[in-house]
Structure formats: C-alpha cells, structure tokens
Amino acid sequence: MRKIILSVFAATSLLLYSTQAFALFNLSAGIPLSHSFSDSNVAESDGVSGFFIQVGVPLLPGLGMDSYETKLKCVGCDKESKLSTTMYNLYYQLPIPIINLTLGLGAGKTQHYYGGVGGDDGPATQFYANFGMPIIPLFDIHLSYRSISSKIESTSGSDKGTKYDFGGSVIGLGIGFNF
C-alpha cells in the first residue's frame with residue numbers, strides 16, 4: 001500500500017510540476033510558421049520570419065513582444081516587397097493542469113517596405129491563443145494562432161488616401177520554460 005501511495009504522489013507531483021499552472025515564472029519563445037491575409041487581392045505571403053517572446057508570473061498578466069517580417073508575392077515587380085509587424089502584448093495563462101492555454105491581446109504597427117525603402121505604415125491589433133503540451137518537466141511545446149487587424153493608408157502615388165487591409169492570421173510554434 002505504501003508503494004502505491006508513493007507512486008501516485010510521485011506521478012501527481014511530476015504532472016503538476018510540469019505545467020505552467022503551478023509555475024512561479026514562465027518564459028516562452030516562438031517563431032511564425034505562416035502568415036495569411038484575409039484579402040488576397042491586397043497581399044499574398046511568400047514566407048515569414050521573426051520571433052515571439054513572452055514573460056510572466058502566475059495570476060498577473062504577462063508581457064510579450066512579436067516582431068516578424070512577411071515577404072509579399074509580387075508578380076511582375078522588379079523590387080522586393082515585404083511587410084514588417086511589431087506588436088506588444090498582454091496575456092494571461094489559464095491555470096489548467098496538463099495543458100497550457102494562454103490568451104492574449106496586442107497592439108503595435110505594420111509597415112510596408114518596397115525595394116528596401118520604408119513606405120506607409122498603420123496601426124495593428126491582435127488577439128491570440130497558445131495551446132501547449134508539456135514535453136518534459138519544466139518545458140512545453142505550443143502552437144499559437146494570432147488574428148491580426150491592420151489597415152495601411154497610402155500616402156503617395158495615384159492611390160493616395162486608399163486604405164489597404166493587411167489583416168489576417170499568423171500561425172506559430174514555440175517552446176516554453178516554467179519554473
């Protein structure tokens with residue numbers, strides 16, 4: 001009977017210790033895997049690179065930052081076109097054992113570059129969710145989904161004053177460290 005009680009205690013301790021629900025501090029880093037736009041007439045992704053980071057303590061909102069660039073497909077263009085996005089986030093990690101669920105909100109800006117020269121920019125907002133599973137004690141791997149709203153108003157050329165919708169979604173993969 002004593003062995004059974006010790007085994008149950010050890011298994012429960014390991015399970016609870018490996019989740020962010022009972023961590024004193026958490027740190028997460030991730031990368032974007034894909035970026036899709038809601039209006040494919042405005043932009044189409046040709047790859048995305050960058051990072052997501054977040055730091056937090058239990059019961060308080062955590063802080064995070066996203067910074068990534070999306071290369072845009074441009075048929076017949078002689079110069080590279082890309083979209084740079086920077087977001088600052090507040091998030092909350094739900095205290096659920098076994099899985100790690102994070103919900104967050106962010107605000108920042110999106111800037112369009114054409115041929116390496118910065119062009120127009122506009123405000124951007126997002127909401128996101130991370131779903132993580134512990135892989136070993138203290139670490140988890142998580143998948144994130146970000147829904148982004150961003151409109152950029154053209155300030156030059158024949159389309160001056162036109163607002164373009166660069167909203168869409170970003171899927172990312174990350175790893176979290178909890179202790």
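**Fold, cores and cavities of the chain**

The chain is built from one helix and nine strands, where helices (H or I, at least four residues) and strands (E, at least two) are DSSP runs numbered from the N terminus. Read from the N terminus, the order is α-β-β-β-β-β-β-β-β-β. The model is a predicted one, so local features need pLDDT of at least 70 and side-chain atom pairs count only at pLDDT 80 or more, while totals for chains, interfaces and linings use all residues. Residue numbers start from 1 along each chain as its sequence is written, and side-chain values use heavy atoms, with hydrogens and water left out.

Of the 179 residues in the chain, 35% are buried; here buried means under 20% relative accessible area, exposed over 50%, and partly exposed in between (1.4 Å probe, protein chains only). The chain exposes about 10,100 Å², and carbon and sulfur atoms supply 67% of that area (Shrake-Rupley method, 1.4 Å probe; for residues, only the protein chains shown count as cover). As for contacts (heavy atoms within 4.5 Å), 57% of those with a separation of 6 or more join residues 24 or more positions apart.

On to the cores. A nonpolar core is taken as a set of buried Ala, Val, Leu, Ile, Met, Phe, Trp, Tyr and Cys residues joined through side-chain atoms within 4.5 Å. The largest one has seven residues: Val48, Phe52, Tyr68, Met87, Ala124, Ile148 and Val170. Tyr68 has quite a list of partners: leaving out residues up to four places away in sequence, it touches Pro32, His35, Val48, Ser49, Gly50, Phe52, Leu83, Ser84, Thr85, Ile148 and Val170.

Two or more lining residues come from each of β1 (26-37), β2 (45-56) and β7 (139-153). By class, the lining has three nonpolar, seven polar and one charged residues (Ala, Val, Leu, Ile, Met, Phe, Trp, Tyr, Cys and Pro count as nonpolar, Asp, Glu, Lys and Arg as charged, and the others, Gly among them, as polar).

The loop between β1 and β2 holds Ala43 and also Glu44. Ala43 counts as buried because its relative accessibility is 6%, whereas Glu44, at a relative accessible area of 40%, is partly exposed. Outside the four places on either side in sequence, Ala43 touches Phe37, Leu72 and Phe166; with that same exclusion, Glu44 is in contact with Phe37, Lys71, Leu72 and Lys73. C-alpha to C-alpha, Cys74 is 8.4 Å from Ala43, at 31 residues apart in sequence, and 8.2 Å from Glu44, at 30 residues apart.

Asn89 belongs to strand β4 (residues 81-94) and is classed as buried because its relative accessibility is 4%. Beyond its neighbours within four places in sequence, Asn89 contacts Gly62, Leu63, Gly64, Met65, Asp66, Leu105, Gly106, Gln126 and Tyr128. With Leu105, the C-alpha separation is 5.5 Å across 16 residues of sequence.
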